[in-house]
Amino acid sequence: MLATWPDAAERQVQVTPLDDDINTYLHIVQQLRTRRNTLMPACCLLPEVLSEIFSYLVPIRVHDNHDIIAVTHVCRCWRDVALAFPHLWSHIHSRLSSSSQISLAEMMYERAADAVLTIEVDADDTDERIHLIEELARQLHRTHVFKLEPSRGQYPGFVENLVVDCPILESFWICVGGSRSDSDVLLPNGMFRNASRLQMLHLSGCALHWDSLALNGLTCLELSHLRELAPAPSELLGLLEGNSALQDLELVDVLAKFWLTPSSWNADVAINLPNLRHLALSDITFIQYAHFLSRLNVPPETHITLDITIPEGRSPNSLMLFPARVLTPYRDDPGIAYSVSIEHGYRTDIDIAPLIESNCPQCSYQTCRSHLDATFRYSGSDRDHSAYSPFTSLCSGSPLFSIQKLTIDTGDEQPFGAILWRDVFLALPNLTFLDISVEEDNLTRALDALAPGESLRPLPQLEELVLCPASGHQGGAENLADALEKRAKAGLHLKSLTNRGIELSRSVIVRVRWMVVGILSGFD
C-alpha cells in the first residue's frame, strides 16, 4: 500500500502548531538563560559601575568585536545598561566614507539622546553625508569637542548652523578640504557666541571675521593655509594679545599680510605671551617670519619649530636667523645638557635638544623632543648663504654653557663661507663632544682653532672628536697631529678620536696615536 503525502495546505496546518511550540520553548529557554546570567558576578555589578567599565570601549571609529556595540550583544543585562547611559554613545567619531560608517554615526547620535557630544567626522560630497553633517552642526550648543573635515562642496550648507550659543564648547576644529589653489572659505559672522570655555581653536582653509572675534580664554591656536582671508598684522596680534593664557601656537601659511622688515629683532616687540610653551611657524618667508616674531615676546623655555623660506642675497636689515633671546635657556648651566646639530644641503637644519631624551615637561606631546627645531629653505640658485649663517646666531651674546655636544655637516661646499671657529668654540666653552663634517679648508681652520694659544684654551672639556670629510670629497687634515700635540702639552687630552675617511699621511697617523689616551678609530 503506497503512503499518501498531505498536500501543502494540510502540511501547513500540521506544521504551524509545532512551530508555535518550538518558539514557546525557545522563549522559555531564553528567559531561563537571562535569569541564569543575572546570577553571574559581572551582572551583579551596579549599573553605574558597569557603565564606567564600558566607557573604556569608546570612542569607536569602525565597529569591531571590542567596542561598545559588541557589549550590547553579550546579554540582555549588559545591553540594557549600555543603552541606559547615553554618554557611552556621545563620542561620534567617523570618516563617513561608507554607508556602514554613516549608519554607525547615525546610531551613535540617536543613542546619545541629550548627552554632551564629542563630534569628530569628515566626509565627501553626498546628500546623505551632508544631511548628517548639517544635523550634527546644529548640536554645537551641547558639544564640548567639535572636529569636522568637510569638503568644499558641503560649504555653506552646514556652516550657518554653527551660529549658536556654545557655552560648553572647549575645542573647535575645522579643516576645509581642497587644493592649495582653492579660495579660502569665510565662516559666518557671529560664531562663538557665549563661548567662554573655548580653549582650542584650529582652522585650516577657512577664516573667521577676525575684527569681530571676541575670544580671551584660548590655550591652543592653530591656523593654516589662509591666503586672501589671512589675518592682517593688527588682527592676528590683537587676537594674541587678548589670549595671554595661550600655551600652544601654530601658524602654517597664514602670514601673507606680514611684509614689513623690522630694523632689528627687538625693535617692535609688542605682544607678551608669558605662558607659551610651543611655537610653530612654517610655510612662510623670512620677512613674514621676522615681522611676526619680532613683535612677539615669549618665555625663554618656549619650544620653537620653524620652517622658513629665505631669499637670495643679503639678509634683510642684516637680521640673524633668529633673535638672540631664543638661545637664552642655554646661556646658563642649570644641570641640563643640550646638543646642537647643524646640517646643510639644499636647506639648513638646526636642532637643539636635551642630550638625555625624555617626555616633554612643557606639554603632553610625545613627539616633542627638540627645544629648537629650525629649517631654513633657500629659494633661487644662489649657493652662497653666508648672510644667513647659523654660526652668527650661535656666537651672538654670552656663551652657551649648557650645550655639550655639537654636530656640523655642511656638505661638499662652503655655504657659510669661512667659519670663524674660534668664535664658535668661545661661544660653546663646555663642549665635550664635537663632530665635524666639512670641506677641507674649513676642517683645517677648525683644527687650528682647537690648538691652544698663550692665553687661550679652546674647549677645555672636549673628550670626543669625530672628523669626517664632506660628502664627495676625500679631504685631508695634516695639521691634526700639531693641534693634538699642542692640546696635550696644555693638559687637554681626548678620550676618543674617530676618523671617518680623512686621508692622512703615515707620519701624522703615528703622531696621532701617541696623542690620544683613549679610543682611537679609523687610524689603521
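View 1. Val252 sits in strand β9, which spans residues 248-252; helices here (H or I, at least four residues) and strands (E, at least two) are DSSP runs, numbered from the N terminus. With a relative accessible area of 11%, Val252 is buried. Buried means under 20% relative accessible area, exposed over 50%, and partly exposed in between (1.4 Å probe, protein chains only). Look for Ser282 too: 30 residues separate Val252 and Ser282 in sequence, while their C-alpha atoms are 4.9 Å apart in space. Please keep in mind that this is a predicted model, in which local features need pLDDT of at least 70 and side-chain atom pairs count only at pLDDT 80 or more, while totals for chains, interfaces and linings use all residues. Residues are numbered from 1 along each chain as its sequence is written, and side-chain values use heavy atoms, with hydrogens and water left out.

**View 2. Helix α5 and its two sides.** Helix α5 runs over residues 99-112, 14 residues in total, and reaches 20 Å from its first C-alpha to its last. That is close to the 20 Å expected at 1.5 Å a residue, where the expected span is 1.5 Å times one less than the number of residues. The buried residues of α5 are Gln101, Ile102, Leu104, Ala105, Met108, Tyr109 and Ala112. They lie on the same side of α5 because they cover an arc of only 160 degrees around the axis, the arc being that of the directions from the helix axis to the C-beta atoms. On the other side of α5 you will find Ser99, Ser100 and Glu110, which are exposed. Just after α5, Ala113 takes a positive phi of about 50 degrees.

**View 3. Aromatic pairs.** The structure holds ten aromatic pairs. Rings of Phe, Tyr and Trp (its six-membered ring) pair if their centres lie within 6.5 Å; planes under 30 degrees apart count as stacked, over 60 as edge-to-face and the rest as tilted. Phe146 and Phe172 form a stacked pair, 5.6 Å centre to centre with 10 degrees between the planes. This pair links distant parts of the chain, as Phe146 is in strand β3 (residues 143-149) and Phe172 in strand β4 (residues 171-175), 26 residues apart. Both Phe146 and Phe172 are buried.

**View 4. Two loop residues with a positive phi.** Asn194 is not a glycine, yet it has a positive phi of about 55 degrees. Asn194 lies in the loop between β5 (185-186) and β6 (200-204), and its relative accessible area of 45% makes it partly exposed. His225, not a glycine either, has a positive phi of about 55 degrees. You can find His225 in the loop between β8 (220-224) and α7 (233-241); at 27% relative accessibility, His225 counts as partly exposed.

**View 5. A nonpolar patch on the surface.** Leu45, Leu46, Val49 and Ile53 form this patch, with about 330 Å² of accessible area together. Patches are made of residues with over 30% relative accessible area and no salt bridge, with like charges joined within 9 Å and nonpolar side chains (Val, Leu, Ile, Met, Phe, Trp, Tyr) within 5 Å. A salt bridge is a side-chain nitrogen of Lys or Arg within 4 Å of a carboxyl oxygen of Asp or Glu. Accessible areas come from the Shrake-Rupley method with a 1.4 Å probe; for residues, only the protein chains shown count as cover. Val49 belongs to helix α2 (residues 47-54) and is partly exposed, at 37% relative accessibility.
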